Amino acid sequence: MIMTHFSTVKRVIALAGAGAMLFSVAACGGVTASDGGKTTLKFAAFEGGYGADMYKEVVAAYEKLNPDVKIELTTSKKIEDEITPGMKAGNYPDIVELGQGSTSGLTETLLKDKAIEDVTDVLDMKVPGENKTVKDKLVDGVIGLYTNPYGGDKTYLMPMYYSPSGLVYNKTLLEQNGWKMPTTWDEMFKLGDEAKAKGISLFTYPTAGYFDAFFNALLADIGGDQFYQDVMTYKKDVWKTDEAKEALETTYKLVTEYLNPDTVGYANAQDFTKNQQSILDGKSLFMPNGTWIVNEMKDAPRTSGFEWGFAPVPTVKNGGTRYINTTIEAVWIPAKAKNKEAAKKFMAYLYSDEAASIFAKTGAIQPIKGNTDDLASDMKVFYDAYNEDNVKAVAGSFSATATVEGKNIKDDLYNAVDSVASGKTTLQQWQDKLNETSNALNAAAKQ
């Protein structure tokens, strides 16, 4: 059962860029648009890898179901650039599909300014054309810190699509050798010793940047809710804690004793697929990766009987929780939208079976119960992992702060793995550097 572990924690949404108060002082002008008595909704959606056609199809389906509603759709790969000028003038979209993490930091900025509408009531709304409520349809636990960014039980960002990333492997290789998927790190390292005896490396990684999925899960497992929050929001000296040290020690052992020796040499933008190929060739057992790997390597040669496997990162203790890093995209309503109630009804429709089917055709998987039942087996294995015992989802990332020259927490945590694995950086140096950078960002966040 998928669950997020953030439902009770609080988070300070840090400033994502200059001009955070820009929208809070914008004019409130504008009138509700209409067309022959129809309510006109302005829907702005980020055109990502799934394309724009799915939104056009969903809009057409909703207008057919609701003849009194006309939807003006705007899609763009840079949707924030399209809608920001109008928002500055007080002309807001009624509903927006754009998650956190965009270059502009628009969603984060509006959250900082308390400029996004509370949509908690949408969870209890019946999905238009159906008898179930939105809450009834959502997978358990997907409403958490990402969707409730201020902590507590109020939801501001509705989860639109979700994608898991964790440890990818060849199920057939494990089965052929009589090996079970390890659930603890003790089991993982024991398997590494057995594999090493057969000339197989326990671990590889495409590039060090892929360690975001790995570390998010590991930190959540070792320290729990509060510790994960402390790391992500740069609590002073958080990297000096016992929990942080254990996470780094576990990773240090993995990449210095069990890493495929070719990994670091190939861990770059030109050669990273060679590291991925070592999984398909049976030369490595596990690598951090996500659902996209199936399509990315679909034409690559592979060992006989190869079958994709996917698992959460192991836990440090028997019976502990294993976490799956989960990327979530969001849909939300600006606090100054003119048609909030109509926008909420359309938001509820986005979780209908009809809409979900349209989105799924492009690979945009929504966190709706049963939504992955009909996926191809290569993709379904990723989502099935949420249904295993003692498995939870972890979502979110480091809070944005003012820029601190020479300080990049992601570089010092993820990209530093190359230097650690090659012996250029010691465990203590890694820990000290992380703590220094985190404390600098802590200070910047308070400014």
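## Helix α1 against α12

In this predicted model, the axes of α1 and helix α12 (residues 340–349) come within 11 Å and cross at roughly 115 degrees; axes are lines fitted to C-alpha atoms, for helices over the stretch in contact, and angles run from 0 to 180 degrees between N-to-C directions. Helices (H or I, at least four residues) and strands (E, at least two) are DSSP runs, numbered from the N terminus. The crossing of α1 past α12 is right-handed, that is, the near helix is turned clockwise from the far one by less than a right angle.

Contact, defined as heavy atoms within 4.5 Å, is made by Val 58, Val 59, Ala 61, Tyr 62 and Leu 65 of α1 with Lys 345, Phe 346 and Tyr 349 of α12. By class, the contact of α1 with α12 has seven nonpolar, no polar and one charged residues. Here Ala, Val, Leu, Ile, Met, Phe, Trp, Tyr, Cys and Pro count as nonpolar, Asp, Glu, Lys and Arg as charged, and the others, Gly among them, as polar.

## Helix α1 against α13

Helix α1 (residues 53–65) also meets helix α13 (residues 353–360), their axes coming within 9 Å and crossing at roughly 160 degrees. The two helices are therefore roughly antiparallel (angles under 35 degrees count as roughly parallel, over 145 as roughly antiparallel, 65 to 115 as roughly perpendicular and the rest as oblique). This crossing, too, is right-handed.

From α1, Met 54, Tyr 55, Glu 57, Val 58 and Ala 61 meet Glu 354, Ala 355, Ile 358 and Phe 359 of α13. Seven nonpolar, no polar and two charged residues make up the contact of α1 with α13.

## Nonpolar cores

A nonpolar core is a set of buried Ala, Val, Leu, Ile, Met, Phe, Trp, Tyr and Cys residues joined through side-chain atoms within 4.5 Å, where buried means under 20% relative accessible area, exposed over 50% and partly exposed in between (1.4 Å probe, protein chains only). The largest has 80 residues, and Met 158, Phe 346, Tyr 351 and Phe 359 have the most contacts inside it. Helix α1 gives the most to this core, with six residues.

Leaving aside neighbours within four places in sequence, Phe 346 is in contact with Leu 41, Phe 43, Val 58, Val 59, Tyr 62, Ile 71 and Ile 95.

The axes of helix α6 (residues 185–197) and helix α8 (residues 242–257) come within 12 Å and cross at roughly 5 degrees, so α6 and α8 are roughly parallel. Trp 185, Phe 189 and Lys 196 of α6 make the contact with Thr 250, Lys 253, Leu 254 and Glu 257 of α8. By class, this contact has three nonpolar, one polar and three charged residues.

Val 316 is placed in the loop between β8 (308–311) and β9 (322–332) and is partly exposed, with a relative accessible area of 25%. Not counting residues up to four places away in sequence, Val 316 touches Trp 185, Leu 218, Asp 221, Ile 222 and Glu 246. Val 316 and Leu 218 are 98 residues apart in sequence and 8.4 Å apart in space, C-alpha to C-alpha.

## Positive phi values

Most residues other than glycine have a negative phi. Lys 114, in the loop between α3 (106–112) and α4 (134–137), has a positive phi near 55 degrees and is exposed, with a relative accessible area of 58%.

## Basis of the values

Residues are numbered from 1 along each chain as its sequence is written, and side-chain values use heavy atoms, with hydrogens and water left out. Because this is a predicted model, local features need pLDDT of at least 70 and side-chain atom pairs count only at pLDDT 80 or more, whereas totals for chains, interfaces and linings use all residues.
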